[in-house]
Amino acid sequence: MSLVFTPFYLPTLGLLALFSLSYLSLLPFMYKTVVMAIVYFFTILLPTLLIHIYRRHQRWTLIELGQRERRMVPYVLSILCYFTCVYIMRSIHIPHFMSSIVIAALGIQIVCAIVNVWWKISTHTAAIGGVVGAVGAFADIFGFNPVPWFCITILLAGMLGTSRMILRQHSLSEVVVGFVVGVVVGAALIVF
């Protein structure tokens with residue numbers, strides 16, 4: 001669960017859902033491909049590569065990188081990548097509700113990085129919480145019934161949070177606070 005629903009995948013999956021399940025499916029294939037390629041490069045490929053290089057340079061395992069004190073550089077690297085993605089999307093005039101997915105993910109990472117200075121929260125559950133918040137926000141924007149999507153995303157969030165605790169990466173409070181941060185920040189940044 002932790003590998004499949006890593007926080008980096010969720011903006012790309014969100015855009016994929018938006019392009020397949022809304023009227024945005026009518027957009028030209030090439031346009032959707034370019035947007036997806038930009039988002040994939042800056043929210044999955046580049047941050048993963050940079051964090052991997054950093055971790056190898058420090059000679060840390062993935063478990064060692066998960067310690068609160070060692071998470072700041074990966075947060076900064078991913079925040080810079082996401083910020084660059086938003087900048088590029090804005091500069092080529094991608095509509096706001098498309099770029100808002102990446103903006104919400106960026107906002108969630110910034111809040112998680114700030115909280116991480118004092119207390120470790122789950123970025124995984126913050127990201128899936130952002131998806132729950134996005135479902136609510138997009139239901140309001142597009143006027144669809146969000147209940148089935150809420151059921152699916154909340155079930156996934158529970159499974160993901162449980163996996164983070166089973167892996168002994170987080171406590172229950174870290175998982176729950178991460179989820180709440182994700183829901184609130186994700187919904188707020190998509191609506192505004």
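Is I114 buried, partly exposed or exposed? I114 counts as partly exposed because its relative accessibility is 48%, where buried means under 20% relative accessible area, exposed over 50%, and partly exposed in between (1.4 Å probe, protein chains only). This is a predicted model, so local features need pLDDT of at least 70 and side-chain atom pairs count only at pLDDT 80 or more, while totals for chains, interfaces and linings use all residues. Residues are numbered from 1 along each chain as its sequence is written, and side-chain values use heavy atoms, with hydrogens and water left out.

**View 1. I114 and its nonpolar patch.** I114 sits in helix α5, residues 96–116; helices are DSSP runs of H or I with at least four residues, strands are runs of E with at least two, and both are numbered from the N terminus. Together with I110, V117, W118, W119 and V177, I114 makes a nonpolar surface patch of about 580 Å². Patch members have over 30% relative accessible area and no salt bridge; nonpolar side chains (Val, Leu, Ile, Met, Phe, Trp, Tyr) are joined within 5 Å, like charges within 9 Å. A salt bridge here is a side-chain nitrogen of Lys or Arg within 4 Å of a carboxyl oxygen of Asp or Glu.

**View 2. The helices around it.** The protein chain has eight helices and zero strands. Its C-alpha atoms fill a box of roughly 45 × 35 × 25 Å along the principal axes.

**View 3. Inside the chain.** Of the 192 residues in the protein chain, 46% are buried. Take the contacts (heavy atoms within 4.5 Å) between residues at least 6 apart in sequence: 73% join residues at least 24 apart.

Notes. Areas by Shrake-Rupley, 256 points an atom, 1.4 Å probe, with all protein chains shown as cover.
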